[in-house]
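Here is a short briefing on one protein model. Please look over the sequence and the structure first.

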Amino acid sequence: MPQKSHAHQNITRVTRLVAGSVALLLSALCLQVVVPKLSPPASASSSLLCVGFSSCGSQGMKNAGYHEHWGHMYWRMYSGRNCVNYAAYRMVQAGMPDVRPWSGSGNATNWGRAMSSITDHTPVVGSIAWWRGGAQGASSLGHVAYVERVVSSSEIIVSESNWGSDFDWRRITKDSYWPTGFIHFRDRAFKNIVRPKIVGTPKVGVHLTVGGGKWQPAGKPSYQWLQDGKPIPGQTGQHFMPIRTQIGHRLSVRVTASRPNYQSTSVVTAQTAPVVPGDLTMTAEPSIGGTPEVGHELTVDPGTYSPSGYRTTVQWYADGQPLQGQTGATYTPTQDDAGKTITVKVHVTRMGHNPRDVTTDAVGPVIGTPVKVVKKGDVTGALRPGRVLHVDPGRLSPASAKPVSYQWRRNGVPIPGATHATYRTTTADVGRKITVMVRLAASRHKSISEKYTGGSVRVFPRMTVKADGGTNRIAVTVRVWAPGVGFDGTLVRVMSDKRVHWVRVVDGVARTTYRHMDAGKRRVRVTFDNAMVVPRTIQVPTHVSARHARN
């Protein structure tokens, strides 16, 4: 014989429990008699989900501690496992005092009658499901159960304790065995207690946010934005940005809060003022690029704005006056603009937004044509230490042009303080090239810098040579000097009888000795060559006798 399914075994157990408790109907305060449909169990209008404190608890279906307290009488009901004592216990757990809130019979059939002012047909988590006596699924004494979940308006899940039976959780649908009513002693009604509102200015391109709503207990909100009370397709987020087609219309939001086991609750915010055109936001300032100079092209960058999709037009100005026909991205100043400042006004437009005008920072004054050197001048003066050099700029155009600044340089490096029309050379300039940069300027013309070259500063050294003859030798001493110039380290070329000695100058003196010389008169020739001075060769025709060595 095939093994029975778990569903069939549960149904058989329930049937036996019901049959065993029929004899107690007259003495019980309540008894629910439910005969589930045997085929198929999943479609039954009333079906057990679990039976027994332990079995239900292991499946997460709790009894709120009733398994430890069912021996106590709540609201003066019979203690034990029965529907009214369990329901009273749950209300006490919800915060009600352990005093029956009405006088008279405590039978389940009397609960809804005695509390008719708070009894309706709306199931809410925490309410008491009530069957009057004789209702389908209940005895003549009626039945009460605790609403654990509200799946929908036509399906609930309850927990209950039956006389002579056990604790269980049960699923009930509206097509059969539906409660006569629901008593709202202390149920957690899902209601809006603070109306949500729209935050932000109803303006094209401006983000609006709906929030601030509060439900009890807390629920998860969903949103539907409305235009003049009608849903805006696809706009179901908490944030919304009006578009141009909504200008003049009012916005609101239907906020629907939901929570597991509760029926959803909706509330509509107050309408906004009519939507108005948006504002364009500048994200990068406009600017003019290029050198403000006659004949040099200027370019305008109109800047960037938000939101995108805008258009810009420009108008060029000189000293605040519009330049006729100059509405392009570039403009080349003429000589008439010399001395004036240039600006550009940018006009920004976008559909659904207020237009905006932005003016660039001014550039200029515009510089005229450059000063020209018609005939270049020169640097005059002796290129010797301590001498004064002058610079003549030459013939310039226009005739009003003149030097406005000077900078004398030594080997290309600016000389500190040398910023006048004249310059007195120093020993630091010896062997170095002297130039001067002159800035030439004229009113309404571009100034220029011109380089004038003087040359290298030189000195002529003085030199003495002394030669002494000895036994088969000649001793030569060379002294060399010049004002402000040191020659240490410089090589001196000494030659006698075709024998060449290269001698280094130390403290202005170079010494060398020729040995193994034959007796007689000898000529000594000294050559000095230094890059810091004018190259020279000095011949010293000194005849020196080289004596024979004694035997």
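Which residue caps the N-terminal end of H4? Asn-82 does: one of its side-chain oxygens lies 3.4 Å from the backbone nitrogen of Val-84. A polar contact here is a pair of N or O atoms within 3.5 Å; within protein, one must be able to donate a hydrogen and the other to accept it, and residues adjacent in sequence count only if both atoms are side-chain atoms.

This is a predicted model: local features need pLDDT of at least 70, side-chain atom pairs count only at pLDDT 80 or more, and totals for chains, interfaces and linings use all residues. Residues are numbered from 1 along each chain as its sequence is written, and side-chain values use heavy atoms, with hydrogens and water left out.

**Helix H4**
- Helices (H or I, at least four residues) and strands (E, at least two) are DSSP runs, numbered from the N terminus.
- The buried residues include Cys-83, Asn-85, Tyr-89 and Arg-90.
- The buried residues of H4 pack against helices H3 (66–69) and H5 (108–114).
- They also pack against strands E3 (128–131), E4 (143–152), E5 (155–161) and E6 (167–173).
- Just after H4, Gly-95 takes a positive phi of about 115°.

**Strand E6 and its partners**
- E6 is mostly covered, with six of its seven residues buried.
- E1 (residues 46–51) pairs with E6 in the antiparallel sense over five bridges; two strands pair if DSSP finds at least two bridges between them.
- Ile-172 in E6 is the bridge partner of Ser-46.
- E5 and E6 are also antiparallel, over seven bridges, and Arg-170 in E6 is the bridge partner of Val-158.
- E5 and E6 form a hairpin with five residues between them; Gly-164 in the turn has a positive phi of about 70°.

**The four-stranded sheet**
- An open antiparallel sheet runs in the order E33-E32-E35-E36.
- E33 (413–414) and E36 (448–456) each have a single partner strand, so one side of each is left without a neighbour in the sheet.
- E35 (residues 433–441) pairs with E36 over eight bridges, and Val-438 stands opposite Glu-450 in E36.

**Nonpolar cores**
- The largest core has 43 residues; a core is a set of buried Ala, Val, Leu, Ile, Met, Phe, Trp, Tyr and Cys residues joined through side-chain atoms within 4.5 Å.
- Trp-408, Val-476, Val-478 and Val-494 have the most contacts inside it.
- A second, separate core of 30 residues includes Met-61, Tyr-89, Trp-102 and Trp-169.

Methods. Buried means under 20% relative accessible area, exposed over 50%, partly exposed in between (1.4 Å probe, protein chains only). Contact means heavy atoms within 4.5 Å.
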